[in-house]
Amino acid sequence: IHRERKKKATRPAFRLRTFTDQLRTIFPTFSSGATSGAGYFLRPATKIRQESLRAKRPFSIVNISAFVITTGLLGILLVHSGSHLFVGMMNSILGKKAVIFCLNNPVFACVALMGLSLAFVFVLSLGFFIASRFGNRKPTFRKALDLVAISLVYVQIPELILLISIMLGGRSSIALLFVSLILMGMAQLLAFRSALGLSEDAIFLMIVFVYTSTYLVAKLTIFILVSAFFPA
């Protein structure tokens, strides 16, 4: 009788363990991915340092692709939702013709914004690649691209919040995007310092050089595009 009771008492626990193991076996990638992604918010500095030492190409490709698609969709939705700050920035940078073009050709404009976002990532990575040479470090361009891809995580979250809010009919402030740029810079500082072993002064000067160079290249590119497609 005692043996039968023990068997009955242990059977539910055995089934529970088996069911849990089956879930982990069926969804190993989802489970590990969720745990890894949570590290970016629960222990961000530690996670960024860890990923900077073991950056992977699949992660970079997926993360950059998600950033490019999200930025393109968000830009078009902000124009169509009538965001005063965003539309005003577009008017001052690109002109009214560019805003009208986005309203009349949303698909093509979305693709164009995706292309500009992808170019931004590559120019930023190229800037870090060149700047690291001045610091007597010789990472490959792929390594610089991987490190930049890590920082894009903190840009996508505010973008997704704004995107979902606009799709639900809200009018969220794009000030979140400026906060995301600050978080991106902090993430890049941690990632490149950990990966390259440079001092804080060297990393700070590197970021200033890269951001200034990226701004100048972006300004020149925008001037050429506006002159070619939207002449006065």
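On a 1 Å grid over the protein atoms alone, a pocket is an open set of points with protein on both sides within 12 Å along at least five of seven lines, and its lining residues have an atom within 4 Å of a point. A cavity, by contrast, is a set of points where a 1.4 Å probe fits but cannot get out. Rolling a probe the size of a water molecule over the atoms shows where empty space is left.

This is a predicted model, in which local features need pLDDT of at least 70, side-chain atom pairs count only at pLDDT 80 or more, and totals for chains, interfaces and linings use all residues. Residues are numbered from 1 along each chain as its sequence is written, and side-chain values use heavy atoms, with hydrogens and water left out.

Start with the fold. The chain has 11 helices and zero strands. Helices (H or I, at least four residues) and strands (E, at least two) are DSSP runs, numbered from the N terminus. Along the sequence, the pattern reads α-α-α-α-α-α-α-α-α-α-α. Of the 232 residues in the chain, 32% are buried. Buried means under 20% relative accessible area, exposed means over 50%, and partly exposed lies in between (1.4 Å probe, protein chains only).

Now the largest pocket. It holds about 1,600 Å³ of space. That volume is the space filled by probe spheres set on the grid points, which are joined across faces, edges and corners. The lining counts 35 residues, and Met89, Ile93, Phe120, Ala218 and Ile222 lie nearest the pocket centre. Two or more lining residues come from each of α4 (57–81), α5 (84–93), α7 (106–134), α9, α10 (175–196) and α11 (200–229). Helix α11 gives the largest share, 10 residues.

Next, the surface. Phe41, Ile157, Leu160, Ile161, Ile164, Leu168 and Leu176 form a nonpolar patch there, with about 640 Å² of accessible area together. Patches are made of residues with over 30% relative accessible area and no salt bridge; like charges are joined within 9 Å, and nonpolar side chains (Val, Leu, Ile, Met, Phe, Trp, Tyr) within 5 Å. The areas come from the Shrake-Rupley method with a 1.4 Å probe, and for residues only the protein chains shown count as cover. Helix α9 (residues 153–167) gives the most to this patch, with four residues. Leu160 sits in helix α9. Leu160 counts as partly exposed because its relative accessibility is 35%.

Helix α9 also holds Gln156. Gln156 counts as buried, because its relative accessibility is 8%.

Move to helix α10. Val179 is found in helix α10, and is partly exposed at a relative accessible area of 45%. Its C-alpha is separated by 9.3 Å from that of Tyr154, 25 residues apart along the chain. Leu181 is also in helix α10, with a relative accessible area of 43% that makes it partly exposed. Leu181 and Tyr154 are 27 residues apart in sequence, and their C-alpha atoms are 8.1 Å apart. Leu183 belongs to helix α10 too, and is partly exposed at 35%. The C-alpha atoms of Leu183 and Leu152 are separated by 9.2 Å, at 31 residues apart along the chain.

Last, the charges. Side chains of opposite charge can pair when their charged atoms come close. The structure holds three salt bridges, each a side-chain nitrogen of Lys or Arg within 4 Å of a carboxyl oxygen of Asp or Glu. Lys47 pairs with Glu51, the closest N and O atoms being 3.0 Å apart. Both lie in helix α3 (residues 44–53), four residues apart, about one turn of the helix. Lys47 and Glu51 are both buried.

Asp146 and Arg142 form another salt bridge, at 3.9 Å from N to O. Both lie in helix α8 (residues 141–151), again four residues apart, about one turn of the helix. Asp146 is buried at 4% relative accessibility, whereas Arg142 is partly exposed at 41%. Arg193 and Glu200 also meet in a salt bridge, at 3.1 Å from N to O. Arg193 is partly exposed, because its relative accessibility is 35%.
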